[in-house]
Structure formats: structure tokens, C-alpha cells
Amino acid sequence: MAMISEEHNKEKLGFEETELRLGLPGGGGGIVNGDFGKNTNANGKRGYLETVNLKLNLSLKETEKGENLQKEKNLISCSNNAVKPPTKTQVVGWPPVRSFRKNVMAVQKSNSEEGVGGTATFVKVSMDGAPYLRKVDLNMYKSYQDLYGALGKMFSSFTMGKCDSQGMMDFMNESKLMDLLNGSDFVPTYEDKDGDWMLVGDVPWEMFVGSCKRLRIMKGTEAIGLAPRALEKCKYRS
Amino acid sequence: MAYSFPEEVLEYVFAFLSSDKDRNAVSLVCKSWYEIERWCRRRIFIGNCYAVSPQIVIRRFPKVRAVKIKGKPHFADFNLVPEGWGAYLYPWISAMARSYPWLEEIKLKRMVVTDESLELISKSFKNFKVLVLSSCEGFTTDGLASIAANCRNLRELDLRESEVEDLSGHWLSHFPDNFTSLVSLNMSCLGSEVSFSALERLVSRCPNLKTLRLNRAVPVEKLPSLLRRAPQLVEFGTGAYSAEIQTDIFSNLVEAFSGCKHLKSLSGFWDVVPAYLPAMYNVCSRITSLNLSYATVQSPDLVELISQCPNLKCLWVLDYIEDAGLKALSSYCKDLQELRVFPSDPYGAEPNVSLTEQGLVTVSAGCPKLQSVLYFCRQMSNAALIAIARNRPNFIRFRLCIIEPQAPDYLTLEPLDTGFGAIVENCKELRRLSLSGLLTDRVFEYIGTHAKKLEMLSIAFAGDSDLGLHHVLSGCESLRKLEIRDCPFGHKALLANAAKLETMRSLWMSSCSVSYGACKLLGQKMPRLNVEVIDERGSPNSRPETCPVEKLYVYRTVAGPRVDKPDFVWTMDEDAALRLS
């Protein structure tokens, strides 16, 4: 068997006068150089190590419009080549995940915050002086303000001071923070992945949700140890 | 004549033949056997609804009781088949309504089903029992209401993964109060809430109910009520499996699950709160099938659950399971036969979980009965594939999706030809294969040489030239379905192997390099094939003949060209040139 020509490998389609003849059904069904005898045979072992001569004889009848079939340039102009796939986001139907599944995952993802893998993120919430703990799903909230509102409602029966969303926001302000910490009001703190106790509110919300392991609403006086860091950050913010 | 059995005897004998292949063989023995067989064939499978017409089917098989029909090509699942392509059920129902009054079963896949069809089904077949709509679309919950209201002997209503226009949950309430024959209900794809009390009453009055797959809208706290009413359930799908953690809900669930001594299969688990998973531990030892593929739960919780299921045969799960979880799976579940790992974040640029090729290697080593795999991952190596092939020569289905197209062996940066080559060489019973990653013509050489039992092959972003396609078409003797996208295959291999296409159910090629001229030639030369060009850019005649077509779908048929084509599908045949001008 002859070697395939380089040209054929480069996909140059020569539509010179040629004739397609088909083989017997059940057989390879094609003609190699017009040679029935050496035709591909479905059971036969061919030397796959050798390349097969695909210099096929093709016949394209002249169409009624008599187009010139040798315009290879046209291939380029209407090229639909997929030699290099576009980036993932542009490729239709890839990766091959069924729409049904994609839709379900999308809904589940939008129900939870980005970056936490779509799971519910329940964390324990304790408040100094309260008889029992509560649990909140951080994914239910979109911002610190949301969270404070919920916490305020949860623990409203136990607090005397400003444990509402406004009260908690106060500590973002430097002077108010000092007031808070020196007073008997409550300050929200949390334990992060490294086991450190931090003041709530320093980092972007998403990052907080991803790193918060538990919440503790401390009495201001006890939170004083966290103050230096918080003060630093206040300065940067203003 | 004196030597032949009476017809009744032959009919009686033929009744023991359930496989289509056997019945088809019997039909070819002689004319009288053909006649006897066709009058007593009760079940028909039509793998491509356009390969044959309803009239032809009915003419040959007048007494059919059960039909199974498949419509759109498989790549329709990934939005590669444009909307409005076809696969309409109505012509089938309208013909069968007249000729098969005793039809009992209709099972469909990827077909367009309208409410009108559903209503016609419900009114035409008095003994209608089974309706399975798998990945179908085109109907609303009103159509379901017709089925519920009119099919007095209905046993199965299974809507798996269909796209239903959900007008309301009211359809379920249409089951009459004296309707008690339900055995299987799968409504997991529906969105709306059904009347819970109607559902409870339905479950209570159907003592043979074995399968109940709820939809997401049924909250976890309502599950115990249903489970208590159906302790005979074998397959159960939950709704959303989350709630504020309350001990009474939990303990009710535990008790209810414990009452179900026959449960073998669990699914559902949308919006899972891990704390509720242990409620099922009591039934886990009997569980053989677990579909956690919507459960966004982390690996440790998954492992906890799986470790309780030593009899697990089939697991569908998200890649949250990670390599560590798969290791646990391989040590706890020695009976595992099928594993599917789906991607939780298929479009993310970076991996979000620690799931690699190692997980699959471990499972292939530890699970001796594993035969069917669908695995999405982000890296693969030839070494891993070779190890998998050697570990598990009993694979029947091997579908690997490396998420980045044309990703090479991440260790050597070589193509994955030798890896997949090892798969086809070692797994001699392989029937289905999906390829991915960087692949040259070489992999197709291996496939053509070794994959002699391969029936379905899926190829994407692979190969260098027509030689690759030629290897497959000329070497894979058992090939029935070939689907190709984004490969540099032109027409040469196709035309050289044209007769092969008559031995297959279908060929799909999209975003390849098959020219319009070649499609026309193929259509002209092969009258028993429908060679259909799908092109949304307008008539292929408006472009040069050398211009590649967008999509090509070729299938054998005895029904001639389609008569219900949309305006973006053209059939290539002798008259193609005339018709299109």
C-alpha cells in the first residue's frame, strides 16, 4: 500500500475528475485505488503501522450552476474549522453536562454564596450571658448588615444595650468603636479557620463567610483585646 | 406441511423469545415463521424514530402492546441540536391510537411530546399502564393531568429529566379517588408544589407503590408522613433535603426510614444539609443504588454515608467526593458496578475540589465488579489510564471527560493516545467509550484495531486527519452510534466507508470539515441513508460546495426522507440539487 501523500494530510481537497465506486455491502465499502481485490475487509488485519492510501476517487457531478469546484480559497473564507477550540466559556455544549443538571446546579449555587462550594454554612452563635446558643446559616445573608439584623432579632430578649444592626455598625467608626469597647455594649466577634478570634466586619463579606467557624457576641469590655487590630483597620478605612 | 408445527405451537414457543435480536432472527427463517412471529410480537424498540414510519411498523406488527422510541441524537443533551429539529411523538400516537387499542406501554427518550399527544394517549388506550418520558420536552402539567385523570390502570408515570412546563402542581389531584394501581411515580423534574394531601392520599391508597421519586418542592419534614404510608417502597427520591435543624424532624425521619425494610435505591437530595444524612443510616445496609449527584455536600459527609452502604452497586455523586472519598468508596463498597462523578463547577477556570485521576485509579483497583464509569476531572495521564485498564479489564462503559478540551497528559504533556489505547486493548467487552483530552489519529488506530465490541463512540476535539475516522469506521465491527464534534475530519473517510454507515444506527458530525459537496455525494450514492445537513446559516446552496456544513446527521432508514423537517435541515439525495435551487 502506498503512503499517503503529504498533501492529503494537509486537507487539500482536489476535486479533479474522479469517480467514486463503492464496495460490496458488509465489506469496507470503499475503493482503494480502484482495486477490488485489495479492498479493505472488515475482518482483515491491516498493517495499521503503515498509512493507508486514501487517494480516493471522488466524483462530483457538475451541478446545474456549474460551480468551479477547485476554489480552495473558498474553504478559508467560509471556514468552520475547529482546530483550536475557543475558551471553555465560549464552547457550546462543553463540558458535556446536561442542561437539566446545569440548571439545577445553577439554582443551588445562586441559593448560596460564591466561594463556599454551594453548601449551607451553619455556624454556632453564642452571646455572653445568654442561656443557650443559636445557629445561623451564613449563606442566607448577603451582607454584614443582613447578619446583624438577624442576630439582633435572635438575641433581642437578652440584650439591654445596642445589639441591633445600627449598634453593631457603630464599631466601624473609630471613635464609636472606642466607646463601644469601653462600654458594656456587645461586639460581634468570630473564630476563623486558623482558630483566631477576630472582630467581625474587617474583611469582605464573602471572605468572612468562607472563613468563619463560629460567632460570639462578646461584651464590649472583653473585646478590648481585639481593639488594636480593629483600630488599625479603622485608620486605613478612613 | 405434515412436518411443520401448528401455528399455535410456534407462537407459544416464540413467546419465550424476549430479545429483539432473537425475534428478528426467527423472522428470517422462512415466510411462515415471519408471518407467525410478526403477529405475536408484542414489544417494539425503535432506536431512531426516523428510521421507520408508524405505518410501516403497524403494517408489519399489528398486535403490539409496548413501544419504546428514541428521537433526537444524543448530542441534543448538550444543546448541539437546534430547537425545533424534530422527533415529534404525535404522528406515532395518532397512528397507534387507531391500530393498537390495547397498547399498554410507551417509553420515550428525547422526543417532543405535546399535551395533545398525552391527551390522545390517555383517551385511546383503555389498558394503558406505563408511560416513561426520559429527557423529553414539549408538554405541560396539563398533559399530565389528562394522564392522571383518564388512565384508570396506570402503573408507571416516570418523567425522568424531562423539561416540563410547570403550570401548577394541580395535576396530581386528577388521579381519581378509586385509582389504586400506581407502582411507580417519578416527578423529580417538576418544579411546582403538588397538593401534599393529595399526594399523601395517593400514596396511601396504592399498596403496590414501589418507586416514588419526589420533586424538590417536597420539604424534608413532610417525608416521614409519606414513608409511613408506603413502607413497601423499594426506590425513594427525596425532595429538598434541608431544614433548620430540629431534633423532632430528625427523629421522625429516622423512624420513618427504619420502617422501610425494602428500600434499595435513594435519590433526590437537593439542597442537602449534612446533619440530616444520618437519618438514613438505618436503611443504608440494604441500599444498592445511591444518586447523590445533586447533593452539594463535602467529602467527609459523603464518606460517612457511603461507609454505611456495603452493598452499593451504583453511585452517582458530585466531585465533592474528591480522591479521598473515592478511596473510601473503594474500600467500603466492593460490589460497586457503576460510578458516575459529575462536575460541581464545570465552567470554573480553576479546580474547586481535590478530585484527580487518582480517584478513578483507586476505584478501579478496589472495586472488582466495576464495569461502568462516567468521570469528569481536570487532569489525566497515560500512566493512570494504563493502570485503570489493567486493573479493570471488565469495563463495559468508559466515559471520561477531561474538562479542558485537548488537555494533554499532565505529567508528560503527551497526547493520551496510549492511555485510551490501553483501555480498548484490555477491556475486550467495551461497548461504550467517550474520549477526551489531547488525542491524535493514533488513538483511533488503537480503537479500530481493538475495540471490536464497541457499539457507541463519542469523540470531541480529537484527531488530526481523515485517517483517524477511517480507522474507526473500518475497524469497529460492532459500531452502531458514532458522534463527533469539533474534529478535523473531512469527507474522505466517510465516502470511503459509506457502506459502513448502513450497518450503523446513526452518525453525527458537527463542527468538522465535511463539505456540502461531499454530503450531496453521500446522499446521492446511498439511497437507504438519510444524509441530513443541519445548518442555521441558511441554505448550503448559498455557499460554495467546498464549504463545510455546520452539522451532519446520517442514519439508515426505510422511511425515506423526513417530511417534517424544519427550515434548517436539508436532506441530501438525488433531487437535492434541484430542490434546493
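1. Start with Arg431(B). At 36% relative accessibility, this residue counts as partly exposed. Arg431(B) sits in the loop that runs between helix H16 (417-426) and strand E17 (432-434) of chain B. Take Lys313(B) as a reference point: the two residues are 118 residues apart in sequence, and their C-alpha atoms are 19 Å apart in space. Keep in mind throughout that this is a predicted model.

2. Next, the cysteines. How many disulfides does a search of the whole structure find? Zero, over all chains. Cys487(B) shows the reasoning for one residue. The closest cysteine sulfur to its own is in Cys512(B), 5.3 Å away, which is too far for a bond. The cut-off for a disulfide is 2.5 Å between the sulfur atoms. Cys487(B) is also buried, at 1% relative accessibility. In chain A, Cys212(A) is buried as well, with a relative accessible area of 5%.

3. Salt bridges are a topic of their own. The structure holds 30 of them over all chains. Side chains of opposite charge can pair when their charged atoms come close. Asp77(B) counts as buried, at 9% relative accessibility.

4. Arg110(B) lies in the loop between strand E3 (105-109) and helix H6 (115-124) of chain B, and Asp77(B) in the loop between E2 and H5, so the pair ties together parts that are 33 residues apart in sequence. Arg110(B) is buried, with a relative accessible area of 10%.

5. A further pair is found in chain B. Arg528(B) and Glu502(B) meet through their side chains in a salt bridge of 3.0 Å, N to O. Arg528(B) is in the loop between helix H20 (516-525) and strand E21 (529-534), and Glu502(B) is in the loop between helix H19 (492-496) and strand E20 (506-510), so parts of chain B that are 26 residues apart in sequence are tied together. Is Arg528(B) buried or exposed? It counts as exposed, at 52% relative accessibility. As for networks, salt bridges that share partners join Arg98(A), Asp77(B), Arg110(B) and Glu161(B) into one.

6. Now strand E22 of chain B, residues 551-556. This strand is mostly covered, with five of its six residues buried. E22(B) pairs with E20(B) in the antiparallel sense, over five bridges. In that region, Met509(B) stands opposite Leu552(B) of E22(B). E22(B) also runs antiparallel to E21(B), joined by six bridges. Val531(B) stands opposite Val554(B) of E22(B).

7. Chain A has an open sheet of five strands. Which order do they take? The order is E2-E1-E5-E3-E4, with mixed pairing. Strand E2 (134-137) and strand E4 (197-199) stand at the edges; each has a single partner strand, so one side of each lacks a neighbour in the sheet. Neighbouring strands are turned by 30 degrees against each other on average, direction ignored. Strand E1 (residues 122-127) and strand E5 (residues 212-219) of chain A run parallel, joined by four bridges. Ser126(A) has Arg216(A) as its bridge partner in E5(A).

8. Last, the surface of chain B. Phe5(B), Val9(B), Tyr12(B), Val13(B) and Phe16(B) form a nonpolar patch there. Together they have about 560 Å² of accessible area. Val13(B) belongs to helix H1 (residues 7-14) of chain B. Val13(B) is partly exposed, with a relative accessible area of 43%.

Key: Residues are numbered from 1 along each chain as its sequence is written. Chains are lettered from A and ligands numbered from 1 in the order in which they are written. This is a predicted model: local features need pLDDT of at least 70, side-chain atom pairs count only at pLDDT 80 or more; totals for chains, interfaces and linings use all residues. Side-chain values use heavy atoms; hydrogens and water are left out. Buried means under 20% relative accessible area, exposed over 50%, partly exposed in between (1.4 Å probe, protein chains only). Patches are made of residues with over 30% relative accessible area and no salt bridge: like charges are joined within 9 Å, nonpolar side chains (Val, Leu, Ile, Met, Phe, Trp, Tyr) within 5 Å. Accessible areas come from the Shrake-Rupley method with a 1.4 Å probe; for residues, only the protein chains shown count as cover. A salt bridge is a side-chain nitrogen of Lys or Arg within 4 Å of a carboxyl oxygen of Asp or Glu. Helices (H or I, at least four residues) and strands (E, at least two) are DSSP runs, numbered from the N terminus. Two strands pair if DSSP finds at least two bridges between them. Axes are lines fitted to C-alpha atoms, for helices over the stretch in contact, and angles run from 0 to 180 degrees between N-to-C directions.
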